[in-house]
Amino acid sequence: MIKIAPSILSADFSNLIQDIHQVEEAGADLLHIDVMDGHFVPNITIGPLVMHSIRNKTKLPFDVHLMIESPDRYIEDFVKAGADIITVHAEAATHLHRTIQNIKSFGVKAAVSLNPATPLSALDFVLPELDMVLLMSVNPGFGGQKFIPIILEKIKSLRQMLKERGLDTDIQVDGGINLENAKEIVQAGANVLVAGSAIFNSKDIRERVAAFRQIIK
Ligand code: DX5
Ligand code: ZN
């Protein structure tokens, strides 16, 4: 079963709840929340306060993508704000193994993200600990960028690596996903697709989520 995770980065923040309800009613599986600190990535977005304020307005699980330095300092805050899955970047965690244990100690799911240039070998010694791996298919920081095609090879290699180790860890892909490339991303081995601009910049958000579902089913 392929999961769709709309990224609220491209939602209308002045109508955030309405946009969230539309993707929820259209059958999205997760709400992807992009947290950026202006250091790890050049952009600044939202934090636990905003997350907490929307937590009781939707039943969608919160899939929190932390693009921040020193993630350990904030894990507890994001758990309290309602995170169900917390993703940290391998490039941002000095002691990645410890950070993963920290996330799991709160009873939420733990995931690690790799930037496009970071090799899969960064996961070698943490893979069995993870509920999900997030492969970035753009350089993180902004919505609306173009999918980097070589990431299809990375997805295939990761799926193969997981198979060899007897793991069925979720593979999430994030960045530049649209109705044209969604199918090949799934065929490469991804089972959780993030889409921001392709969903929220559409005139009919519900219809767009349904169109994604149709393509990847
Ligand atoms: C980029 C974010 C993505 C972004 C995806 O740094 O992590 O989640 O919102 O946006 P699209 O789907 O527009 O590339
Ligand atoms: Zn993201």
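Guide: The account below begins with the annotated positions and then turns to the strands beside them. This is a predicted model, in which local features need pLDDT of at least 70 and side-chain atom pairs count only at pLDDT 80 or more, while totals for chains, interfaces and linings use all residues. Residues are numbered from 1 along each chain as its sequence is written, and chains are lettered from A and ligands numbered from 1 in the order in which they are written.

An unreviewed UniProt entry lists Asp-34 and Asp-174 under "active site". Although these two are spread over 141 residues of sequence, the largest C-alpha distance is 10.5 Å. The unreviewed entry also places the feature "binding site" at His-32, Asp-34, His-65 and Asp-174. These four positions span 143 residues in sequence, yet no two of their C-alpha atoms are more than 10.5 Å apart, so they gather at one spot. UniProt positions are given in the numbering used here, feature names are shortened, and annotations may be inferred rather than shown by experiment.

Asp-34 is found in strand β2, residues 31–36 (helices, H or I, of at least four residues and strands, E, of at least two are DSSP runs, numbered from the N terminus). Asp-34 counts as buried because 25 other C-beta atoms lie within 10 Å (buried means 20 or more other C-beta atoms within 10 Å of the residue's own, exposed 12 or fewer, and partly exposed in between, with C-beta atoms placed from the backbone). Not counting residues up to four places away in sequence, Asp-34 touches Ser-7, Leu-9, Thr-45, His-65 and Met-67 (contact means C-beta atoms, placed from the backbone, within 7 Å).

Asp-174 belongs to strand β7, residues 170–174, and is buried, with 26 other C-beta atoms within 10 Å. Leaving aside neighbours within four places in sequence, its contacts are His-65, Leu-134, Met-136, Ser-137 and Val-194.

His-65 lies in strand β3 and is buried, with 27 C-beta neighbours inside 10 Å. Among the residues that His-65 touches, not counting those up to four places away in sequence, are His-32, Asp-34, Thr-87, Ser-113 and Asp-174.

Strand β3 leads on to β4. Four bridges join β3 to β4, and the two run parallel (strands pair if DSSP finds at least two bridges between them). Within this pairing, Val-64 stands opposite Ile-86. The chain passes from β3 through α3 to β4 in a right-handed β-α-β crossover (right-handed means that, with the strands pointing away from the viewer, the path from the first strand over the helix to the second runs clockwise).

Strand β4, residues 85–89, is largely enclosed by the rest of the structure, because five of its five residues are buried. Ile-85, Thr-87 and His-89 point one way from β4, and Ile-86 and Val-88 the other way. On to β5, residues 109–114, β4 pairs in the parallel sense over five bridges, with Ser-113 as the bridge partner of His-89. Here the chain crosses through helix α4, residues 96–105, and this β-α-β crossover is also right-handed.

Ile-86 also has a place in the largest nonpolar core, where Ile-86, Leu-135 and Leu-193 touch the most other members of the 67 residues (such a core is a set of buried Ala, Val, Leu, Ile, Met, Phe, Trp, Tyr and Cys residues joined through C-beta atoms within 7 Å). In soluble globular proteins, nonpolar side chains tend to be buried together.

Note on methods
Two residues are in contact if their C-beta atoms, placed from the backbone, lie within 7 Å.
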